[in-house]
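Please examine the sequence and the structure shown below before reading on. The report then treats selected parts of the structure in turn.

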Amino acid sequence: MNAKTPQDTLTHWMEQSAAVRTRMLAGGGKPGLANPEQVAGKTGMEIMQAMLAGEFPYPHIAETLDFALIEVEPGKAIFQGTPQLKHYNPLGTVHGGWYATLLDSAVGCAVHTMMPAGRAYTTAELSLNIVRAASHQSGPLRAIGTVIHCGRQLATAEGRIVGPDGKLYAHATTTCLVFEVPKQG
């Protein structure tokens with residue numbers, strides 16, 4: 001069995017990202033906010049799948065920080081982002097907020113995939129460790145969020161930002177508050 005090279009992985013990531021973006025745009029996807037009527041009665045997984053299909057808007061922050069949802073499955077969400085010079089802090093490195101937002105999105109959306117209809121979540125705590133500097137030359141990186149526990153009141157998840165070579169750039173854990181969505185009307 002042949003192991004994938006970092007270049008093979010990068011090629012796969014770029015092709016997958018282009019396919020997802022094409023599908024989202026073809027479905028009418030654009031940045032915005034889903035209205036309560038759109039999401040009513042849908043599970044978190046159905047909402048995430050609708051976003052990937054372009055049926056629901058994706059968040060504006062995805063354009064600001066140049067990242068996108070790539071893949072979801074129950075308990076898992078994968079985002080891909082590319083740090084740009086516009087994401088640098090005054091000291092000339094990628095701002096910690098870029099890593100934090102990318103990881104918060106991945107771990108939060110992993111939790112979202114586990115929500116039954118009528119339930120939602122919000123981040124209560126996010127702990128982040130940056131272990132390798134990314135730059136505008138790093139190319140695309142992936143944030144992979146995985147649920148550890150999902151209960152009626154709390155959910156926890158962990159996430160990692162990795163490069164196509166498998167190198168770890170940052171990792172995080174989250175605790176999310178799970179709650180019932182208030183009835184509309």
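This is a predicted model: local features need pLDDT of at least 70, side-chain atom pairs count only at pLDDT 80 or more; totals for chains, interfaces and linings use all residues.

In soluble globular proteins, nonpolar side chains tend to be buried together. In this model, the largest nonpolar core contains 39 residues, and F79 and I161 are those with the most contacts inside it. Several elements each supply at least two residues of this core: the helices α1, α3 (44-52) and α5 (96-112), together with the strands β1 (67-73), β2 (76-81), β4 (141-150), β5 (154-162) and β6 (168-180). The largest share, nine residues, comes from α5.

What surrounds F79? Leaving aside its neighbours within four places in sequence, F79 is in contact with F67, A68, L69, I70, L102, S105, A106, C109, L141, R142 and A143.

## Helix α3

Is helix α3 largely enclosed or largely open? Seven of its nine residues are buried, so α3 is largely enclosed by the rest of the structure. The buried residues are G44, M45, I47, M48, A50, M51 and L52. Among the elements that cover them are α1, α2, β1 and α5.

After α3 comes G54, which has a positive phi, near 85°.

Rolling a probe the size of a water molecule over the atoms shows where empty space is left. The largest pocket holds about 940 Å³ of space. It is lined by 38 residues, of which A34, V39, I47, H112 and A120 are the closest to its centre. The elements that give two or more residues to this lining are α2 (36-39), α3, α5 and β3 (119-130). By type, the lining of the largest pocket comprises 21 nonpolar, 12 polar and five charged residues.

The second largest pocket holds about 230 Å³ of space. Of its 13 lining residues, R21, M24, Y58, F67 and A68 are the closest to the centre. Helices α1 and α4 (60-64) and strand β1 each supply at least two residues of this lining. The lining of the second largest pocket divides into 10 nonpolar residues, no polar residues and three charged residues.

Residue Q16 is located in helix α1, which spans residues 6-26. Its relative accessibility is 17%, and Q16 therefore counts as buried, since the limit for that class is under 20%. With which side chains does the side chain of Q16 make polar contacts? One partner is the side chain of E71, at 2.9 Å. Another is the side chain of R142, also at 2.9 Å. Not counting residues up to four places away in sequence, Q16 touches I70, E71 and R142.

Residue A110 belongs to helix α5. At 0% relative accessibility, A110 counts as buried. Apart from neighbours within four places in sequence, the residues in contact with A110 are G75, K76, A77, G145, T146 and V147.

Residue T122 is located in strand β3. Because its relative accessibility is 38%, T122 counts as partly exposed. Which residues does T122 touch, not counting residues up to four places away in sequence? They are T175, C176, L177 and F179. By contrast, T122 and T11 are 34 Å apart in space, C-alpha to C-alpha, and 111 residues apart in sequence.

Residue D66 lies in the loop between α4 and β1. With a relative accessible area of 24%, D66 is partly exposed. Although D66 is not a glycine, its phi is positive, at about 55°. The general rule bears on this residue too: most residues other than glycine have a negative phi.

## Summary

Definitions and conventions
Residues are numbered from 1 along each chain as its sequence is written. Side-chain values use heavy atoms; hydrogens and water are left out. Helices (H or I, at least four residues) and strands (E, at least two) are DSSP runs, numbered from the N terminus. Buried means under 20% relative accessible area, exposed over 50%, partly exposed in between (1.4 Å probe, protein chains only). A polar contact is a pair of N or O atoms within 3.5 Å; within protein, one must be able to donate a hydrogen and the other to accept it, and residues adjacent in sequence count only if both atoms are side-chain atoms. Contact means heavy atoms within 4.5 Å. A nonpolar core is a set of buried Ala, Val, Leu, Ile, Met, Phe, Trp, Tyr and Cys residues joined through side-chain atoms within 4.5 Å. On a 1 Å grid over the protein atoms alone, a cavity is a set of points where a 1.4 Å probe fits but cannot get out, and a pocket is an open set with protein on both sides within 12 Å along at least five of seven lines; lining residues have an atom within 4 Å of a point. Grid points are joined across faces, edges and corners, and a volume is the space filled by probe spheres set on the points. Ala, Val, Leu, Ile, Met, Phe, Trp, Tyr, Cys and Pro count as nonpolar, Asp, Glu, Lys and Arg as charged, and the others, Gly among them, as polar.
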